[in-house]
Amino acid sequence: MAVLEISDLVVKWDARTGERVPVRRAEVVSRLRAAGNRRAARIVQRMPVTGEFLDPVAVDRLLVRVHTELQRLNEELHMAQRFAELLVPLLTVLRASGNRLRVVDIGCGLGFLVRSLAASGVLGEDVELVGVDFNHALTAEATRLAEDERLPCTFVSADAFALTEDATVYLSSGVLHHFAADELPGFFRAQDRAGTLAFIHYDIAATRLAPLGAWLFHRARMREPLGRHDGVASARRAHDDAVLSSAADAAAGMDAFLFEPFIHTNPFCAAMRPVIGLRSALVGDFRRALGRRARRLVAC
């Protein structure tokens, strides 16, 4: 049966207008039950409604709480440092070529990654940092936090590939598993754009025991039942190396790599691992900028 995440079902957006679409609670509960997930169905059944539709204000408050807990997990997993490990040498190469440096985080949530990179200043003052998410409540909270912290970054509620300006580098963290395997090539193909030179997408490595590791980790660190459920579902939905490699090849103008592929990760826990794409002309310089860490790049 399909593995479903509650957070994917309780909010809907019109792909054309970006407007929110009402969600019937009964339909979500029925879909979860049909997938054999009665626990998730019970979680949704307890969520407030306005008439027959899930209360959007209550849903947004819940998702902000869940993403706040996810931010703490990202801190424990050192996700900002992991991205910086790759972004610093990559942007050094791009900077030397005189390229404008615009970094866009797809599905940014509360903007932990963007805000962390902005706060550290590790990428340099010439780098424009933008977080994009369909959920208006999450980007509004990300904007508030950035303003409180006086950080040089921007958050937008939109389709990341429909912005007025392309990213020089696209990023994401924990987004790839939200796509079905047959949808992933389209996601990567969309980044093969005139102004885009690279992408870095971190997601859960599909190890055999990743769901168990996710269960232990989320049980210990998250209070919200929705967050605990979706954390394990994310690990169960993670794509293996073959699927990711094939999908990344759809960005025909990029050379794609796995960084620390499965054979180098711990199979007994949920580990984060990136897929990297680069314009062919940049690969050699990027390898040199990585130094010894370039050995961890494996071509897709």
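Student: Which residues make the nonpolar surface patch?

Tutor: L212, W215 and L216 make a nonpolar surface patch of about 320 Å². A patch takes residues with over 30% relative accessible area and no salt bridge, joining nonpolar side chains (Val, Leu, Ile, Met, Phe, Trp, Tyr) within 5 Å and like charges within 9 Å; a salt bridge is a side-chain nitrogen of Lys or Arg within 4 Å of a carboxyl oxygen of Asp or Glu. Areas come from the Shrake-Rupley method with a 1.4 Å probe, and for residues only the protein chains shown count as cover.

Student: And where does L212 lie?

Tutor: L212 lies in helix α9, and with a relative accessible area of 47% L212 is partly exposed, a class that sits between buried (under 20%) and exposed (over 50%).

Student: Which element has the lowest mean pLDDT?

Tutor: That is helix α9 (residues 210-221), with a mean of 79, whereas strand β5 (residues 101-106) has the highest, 98. The pLDDT is the predictor's confidence in each residue, from 0 to 100, and the chain averages 92, with 96% of the residues scoring at least 70. This is a predicted model, in which local features need pLDDT of at least 70 and side-chain atom pairs count only at 80 or more, while totals for chains, interfaces and linings use all residues. Residues are numbered from 1 along each chain as its sequence is written, and side-chain values use heavy atoms, without hydrogens and water.

Student: Changing topic, how many aromatic pairs are there?

Tutor: A search of the whole structure finds 6. In one of them, the rings of F187 and F188 have centres 5.5 Å apart and planes at 80 degrees, so the pair is edge-to-face. Rings of Phe, Tyr and Trp (its six-membered ring) pair if their centres lie within 6.5 Å, and planes under 30 degrees apart count as stacked, over 60 as edge-to-face and the rest as tilted.

Student: Is F188 buried or exposed?

Tutor: F188 is buried, at 0% relative accessibility. The rings of F188 and F199 have their centres 5.3 Å apart and their planes at 50 degrees, so this pair is tilted. F188 lies in helix α8 (residues 184-189) and F199 in strand β9 (residues 198-204), so the pair ties together parts 11 residues apart in sequence. Helices (H or I, at least four residues) and strands (E, at least two) are DSSP runs, numbered from the N terminus.

Student: Which residues do the ring pairs link into a cluster?

Tutor: The cluster consists of F161, Y170, F179, F187, F188 and F199.

Note on methods. Buried means under 20% relative accessible area, exposed over 50%, partly exposed in between (1.4 Å probe, protein chains only).
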